[in-house]
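Take a look at the chain below.

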Amino acid sequence: MQHRSVLSPVRQIIAAILGAALLTLSTPSLADEVDGTSFPSLNMPSLAEPGLLADDVLTVHEMHSTPQLPATIDLTLHSTNLWERIRNGFAMTDLNDDLVLHYQQWYQNRPDALRRMLARSRPYLHHIVEELEARGMPTELALLPMVESSFNPNAYSPAHAAGLWQFIPATGKRFNLEQNWWRDERRDVVSSTNAALDYLQAIYEMHGDWHLALASYNWGEGAVKRAIGKNESRGLPTDYPNLTMPNETRHYVPKLQALKNILGNPALVAHLDLPMIPNEPYFATLETRRPMDVKTAARMANMTIEEFQRLNPSHNRPVIKASTPIVIPTDKLDAFRSNLQNAEAPLTQWQAYTLTAPERLDRIAANFDTTPGELARANGLSERVRLGAGSTLLVPGSGSSASLNAMLNTSAPQHIIEPEPSARCGKTGKGKRAAKKCGKAEPDGNKLGAKQGKAGKSTAKAAGNSKPKAGAAKSAKASATKPAKGKRR
């Protein structure tokens with residue numbers, strides 16, 4: 001006990017001396033940190049090295065400076081990249097099968113075509129994403145026009161589907177898209193987007209599944225419903241991959257999924273050098289109180305005709321009716337308003353002209369110092385057409401605004417197409433006694449002889465057929481009364 005008590009003070013003295021020495025050695029390092037110099041990195045042995053115990057190793061934690069937090073946090077702040085915004089809104093179940101892999105590889109092998117399609121989507125994509133988010137719908141649907149039309153607003157299919165969202169006429173009417181001589185709203189960017197999202201919402205509520213909703217959009221909700229019913233009766237699954245459907249519909253959702261896989265992968269987007277689209281509105285809409293030419297509107301917006309028509313592709317005629325929404329890029333909106341306010345010249349260079357007598361289009365064009373081609377395009381006619389009295393045309397000039405307004409209020413063209421005033425003539429008989437018989441033109445444009453029966457017999461006799469077969473006559477009669485077969489589109 002005595003020995004231990006004698007050594008105890010000695011140990012305390014030694015510990016005090018060592019502590020003082022360590023304190024003296026550490027003083028320069030503390031001074032260096034105050035001056036701004038960081039500590040050198042410590043290379044500590046790894047726990048994986050053999051012969052070392054966990055207790056013999058120190059864990060190194062790098063200390064970072066405390067970030068300066070803003071006084072307030074803006075919860076409405078969005079990314080400047082629209083692709084990132086779209087990725088954040090992905091909500092559909094992924095589809096994984098061989099078709100998806102096939103189309104993903106197909107798109108990746110054609111990066112130039114993919115870049116061009118994405119560049120075409122630039123004017124429309126932000127508006128579509130805004131509408132989808134406002135409705136709480138998956139943002140993958142913003143990519144659907146890539147599958148439907150490759151984002152070409154003037155796309156037109158053999159089934160008569162038109163626009164970004166490819167509405168056929170019947171479905172367009174069902175969703176109140178105006179289709180007349182002046183305008184086709186299936187090609188209108190704003191109207192067709194609203195109609196497409198209304199349709200997609202309706203068929204999603206019907207099926208409760210986005211893949212089935214997309215199949216219905218492509219194939220028709222009735223067809224999908226019948227396919228589901230067949231599987232139910234056989235005890236088979238009723239999801240999209242297990243339905244029996246046409247090849248076009250079978251490949252439809254995989255194409256969308258392939259695009260989602262590519263654009264949802266930032267590394268792949270960078271690798272393919274796909275264009276970044278700013279997360280900001282590209283266009284705004286406004287209306288004018290007076291009719292305006294397409295050329296005039298483009299000039300006031302400091303745009304080319306082609307640029308203006310890409311945003312306003314729904315107009316069939318060169319004149320825009322009053323109170324019709326016009327789509328203008330946001331960066332040109334102020335210039336358009338200023339030019340419109342200061343405009344002194346008439347806003348339209350077209351007038352309505354009503355024919356008082358039948359006349360050919362080339363003669364009318366010459367009277368108004370224009371070409372038959374331009375006049376035909378403005379009125380949706382053939383250059384060789386002959387119009388009857390009472391027809392009303394759009395012709396160049398600044399005539400009565402009242403007559404133009406009256407024409408603008410009609411939904412169908414006021415064209416009366418007349419046949420050519422010529423008759424078919426033929427010779428009957430033989431030799432010197434041959435006589436020339438001509439018939440008057442019928443109102444429907446068929447030039448039939450006044451005595452068709454006799455002329456037909458004479459012609460048949462001259463050809464060596466003295467007695468036409470009864471079967472042939474019946475066949476001819478049937479073909480004249482029975483309508484030709486065709487698709488119900």
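Accessible areas here come from the Shrake-Rupley method with a 1.4 Å probe, and for residues only the protein chains shown count as cover. By this method the protein chain exposes about 30800 Å². Carbon and sulfur atoms supply 52% of that area.

This is a predicted model, in which local features need pLDDT of at least 70 and side-chain atom pairs count only at pLDDT 80 or more, while totals for chains, interfaces and linings use all residues. Residues are numbered from 1 along each chain as its sequence is written, and side-chain values use heavy atoms, with hydrogens and water left out.

Start with the whole chain. It has 19 helices and 10 strands. Helices (H or I, at least four residues) and strands (E, at least two) are DSSP runs, numbered from the N terminus. Of the 489 residues, 35% count as buried. Buried means under 20% relative accessible area, exposed means over 50%, and partly exposed lies in between (1.4 Å probe, protein chains only). Now take contacts, meaning heavy atoms within 4.5 Å. Among those between residues at least 6 apart in sequence, 66% join residues at least 24 apart.

Next come two loop residues. Q166 is not a glycine, yet its phi is positive, about 55°. Its place is in the loop between α5 (144–148) and α6 (169–174). Is Q166 buried or exposed? Q166 is buried, with a relative accessible area of 15%. D369 also has a positive phi, near 55°, and is a residue other than glycine. D369 sits in the loop between α15 (361–367) and α16 (372–379). D369 is exposed, at 74% relative accessible area.

Now the aromatic rings. A pair of aromatic rings is described by the distance of the centres and the angle of the planes. Rings of Phe, Tyr and Trp (its six-membered ring) pair if their centres lie within 6.5 Å; planes under 30 degrees apart count as stacked, over 60 as edge-to-face and the rest as tilted. By this rule the count comes to 7 aromatic pairs. One of them joins Y199 and Y217. This pair is tilted, with 5.4 Å centre to centre and 40° between the planes. It links distant parts of the chain, 18 residues apart: Y199 belongs to helix α7 (residues 189–207), Y217 to helix α8 (residues 210–219). Y199 is buried at 6% relative accessible area, and Y217 is buried at 10%. Y204 and W210 form a stacked pair, 4.2 Å centre to centre and 10° between the planes. Here Y204 counts as partly exposed at 30% relative accessibility, whereas W210 counts as buried at 13%. Ring pairs also link F175, Y199 and Y217 into a cluster.

Charges meet rings too. A charge sits over a ring if NZ of Lys or CZ of Arg is within 6 Å of the ring centre and within 35 degrees of the ring normal. The charged end of R250 sits over the ring of Y240, 5.7 Å from its centre. R317 lies over the face of W181, at 4.4 Å from the ring centre.

Last, a strand. In a regular strand the side chains alternate between the two faces of the sheet. Both faces of strand β4 (residues 326–329) are covered. I326 and I328 are buried on one side, V327 and P329 on the other. Two strands pair if DSSP finds at least two bridges between them. Strand β1 (residues 283–286) and β4 pair in the antiparallel sense over 4 bridges. The bridge partner of T285 in β4 is V327.
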